[in-house]
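Let's walk through this model together, beginning with a strand and its partners and then turning to a pair of helices. Keep the view open as you read.

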Amino acid sequence: MLDLFESHDSSKDAENNGTHKPIISEDELSDANVLIELKKIKEELRDQVVVLGHHYQQDDVINFADITGDSLQLAREAANLDKPYIIFCGVHFMAETTDMLTKPNQKVILPDLRAGCSMADMAKRSEIDKAWAFMQKSTNEKIIPVTYINCAATLKAFVGDNDGSICTSSNAEKIIRWALDQGDKLLFFPDQHLGRNTCFKMGIPLTDMVVYNPNMLNGGLTSEQINKAKVILWYGFCSVHQGFTLEQVHATKKRDPSITVIVHPECNFEVTQAADDNGSTSYIIDKITKAPAGSKFAVGTEINLVNRLAQEFPNKTILSLSPYQCLCTTMYRVRPRWLLASFRAIKDNKPINIITVPDDIARSSLKALNRMLDVK
Ligand code: SF4
């Protein structure tokens, strides 16, 4: 069983569990044979196992998913599952969330324990506790903490215990509005860009926002700055979405002014402002799906999703905004052979890579998760 780490460090998990070593080596089974065996074993275990797949997974994995979606869709689905095993093809914090939303007798399995999230690793519980103490000392106003779902369960527990909530990129605006109704100020972590882009869209000027950098003394802020700010953003970001640049938006528009540039709100402020549209992965999928034949899009999000959309809609032009591979390398760790290893272990009645959140952390986190799911 995997214990919860204060902040997920996937390499540490792998070392502790010894599961990063190839369980099914390339010599034992070719890629093609892995897919053949996967098809067979999935059918054999269909009454016991459900596979959830995040949109950023590679095609050879997503093809085996029973349910696909973004973090919010998968969190909602997880609460209604009834099979004893849930194999989660995504990253560590998502599997933790699934464990908290499923029943105690269900087991959540992450095919590769090294599948973490660099953004989630940018906020540790000890850093948040320290920042919170400084903020409480700096102001008498009520601060409501909101965490993006991309974080360790200990951080979800923090917001649960401090009257806060969780958000995803699909519902960030709704949750931030709720938070600012409950208190005077917002502390948003770990992704500064989602926080800034959403608050600005809601009419909060940039001058009312400050960034707390955990690598600096008191986050690099004075008590006066904390007291004056409406929004305190944590200095975290997604290394994949940070890869999209303003120059790429300008170059794309110069090449073809009729193309729609659509980006994820984890992209930085300048890129999001210069783009024609922005929204969560579900929003992007929906926009492209409903666009008429002949439409053209340059998309600023993870490359597996962009390529899949391009294949799905050959009558539309769908390109990546970046000429470079904007690949989430940690999502990419979930390979078909690790998925097969998870299935084989279940078949042998010795399941591996089970993600378990301790009860006290889960209880506090669930308060925040339920607040999120209840906000209409
Ligand atoms: S795309 Fe970014 S935020 Fe999403 S899992 Fe990968 S590193 Fe984390």
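Two strands pair if DSSP finds at least two bridges between them. Strands (E, at least two residues) and helices (H or I, at least four) are DSSP runs, numbered from the N terminus. What you see is a predicted model, in which local features need pLDDT of at least 70, side-chain atom pairs count only at pLDDT 80 or more, and totals for chains, interfaces and linings use all residues. Residues are numbered from 1 along each chain as its sequence is written.

Start at strand β7 (residues 185-189). Strand β5 (residues 143-148) pairs with β7 in the parallel sense over 5 bridges, with Leu 186 of β7 as the bridge partner of Ile 144. β7 also runs parallel to strand β9 (residues 231-234), joined by 3 bridges; here Leu 187 has Ile 232 in β9 as its bridge partner.

Now look at the side chains. In a regular strand they alternate between the two faces of the sheet. Lys 185, Leu 187 and Phe 189 point one way from β7, while Leu 186 and Phe 188 point the other way. Because 5 of the 5 residues of β7 are buried (20 or more other C-beta atoms within 10 Å of a residue's own, with C-beta atoms placed from the backbone), the strand is largely enclosed by the rest of the structure.

Next, find helix α7 (residues 153-161) and helix α16 (residues 359-374). Their axes, lines fitted to C-alpha atoms over the stretch in contact, come within 7 Å and cross at roughly 65 degrees, on a scale from 0 to 180 degrees between N-to-C directions.

How values were computed: Buried ≥ 20, exposed ≤ 12 C-beta atoms within 10 Å, placed from the backbone.
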